[in-house]
Amino acid sequence: MPTYIVEVLIENKPLARDPEGETIYRDLILRGGYDSVRSVRVGKLLRFEIESNSAEEAEKIAVKMCNDLRIYNPVVHTYRVEIRGTRNE
Amino acid sequence: MFIPTAWKLGELEMNDIRVAVIRFPGSNCDLDTVYVLQRVLGVDARLVWHRDFKDDAWDAVIIPGGFSYGDYLRAGAIAARSPAMKHVREMAKEGKPVLGICNGFQILVESELLPGALLMNSTLKFICKWVTIRTETNRTAFTRSIPRGKLLKIPIAHIQGRYYIDEKSLRELEDNDQIVFRYVNDNGEVVEEANPNGSVSNIAGVCNLEGNVLGLMPHPERASERILSPFGTDHGKLIFESMIDYIRRYL
């Protein structure tokens, strides 16, 4: 059975302020002279290796897991699941 | 389990109220909480390792502060999925008092026993200082002996304490009288300068609809003896005394 690499990206909802992103933007990026950058949001990336018969099934497992175990907090987070191919043995 | 010898249970005169303080890996102020309950209030309080915690035999349960599981993923997220929290949920359903202090509040929020979320402080810094909070309601098991509007001096110590909830849910909290404490200035006014962490509406503590589950970021167990307070106050004790009064009347 192949092993799929599945990434889950967790971000604050647009309404919830992200002070870490704001600080990086203000004190690093703008000070560093990158004036064309308009904003930064910081998130969290979890990379899973999931054994399954297909990419669709691997994604399904990841989505179910994120909801069952509250990997993200629906009150304040959005999340995105992406398949990044299979692991090379 | 380590308990300082001076606290050996046999040496204490304790009443018949039994309160569990759950210890997760990374809990702190758990012994302070047991100490206050036993030594200051005479309650039969016990420290219980989370794997050993069952909902029978306890009148109330307290989830202490700290950094359970190293705050990995999010503060409280891993402890919230532990079997111990299933038992806490049962006690909450039975109407027994459930108190979450600091990390305990984060665990109750992540368990969905309380609404909202607790995010990184707006300053991105760990804040450890005494603040003033205002008692917004006395219909809860933990504020029934405190007059509405009473100002309490109490310390905070956290980095993920910024209470967040969307506007619609905030209105519901207000309509249902679920906001229990707000950060205020010395005059009791809700102002931005008194908000240490950027919490929505200066919220420091909320309860469930029924009022038997309370979570708050400040540490009442660090403010229950006059000698520990720079103001000579013992306001934290009022919260525990309310809980005892509630247990005596209703359980």
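1. First, some housekeeping. This is a predicted model, where local features need pLDDT of at least 70, side-chain atom pairs count only at pLDDT 80 or more, and totals for chains, interfaces and linings use all residues. Residues are numbered from 1 along each chain as its sequence is written, while chains are lettered from A and ligands numbered from 1 in the order in which they are written.

2. Start with chain A, where you'll find an open sheet of 3 strands in the order β2-β1-β3, paired antiparallel. (Strands are DSSP runs of E, at least two residues, numbered from the N terminus; two strands pair if DSSP finds at least two bridges between them.) At the edges sit β2 (43-51) and β3 (77-86) of chain A, each pairing on one side only. From one strand to the next, the twist averages 20 degrees, using axes that are lines fitted to C-alpha atoms, with angles from 0 to 180 degrees between N-to-C directions.

3. Now look at β1 (residues 3-12) of chain A: 9 bridges tie this strand to β2(A), and the two run antiparallel. As a landmark, find T3(A), which stands opposite E51(A) in β2(A).

4. Over in chain B, strand β11 (residues 179-184) has antiparallel links to β8 (residues 127-135), through 4 bridges, and to β12 (residues 203-207), through 3 bridges. R134(B) has R182(B) in β11(B) as its bridge partner.

5. Why is β11(B) largely enclosed by the rest of the structure? Because 5 of its 6 residues are buried (20 or more other C-beta atoms within 10 Å of the residue's own, with C-beta atoms placed from the backbone).

How values were computed
Buried ≥ 20, exposed ≤ 12 C-beta atoms within 10 Å, placed from the backbone.
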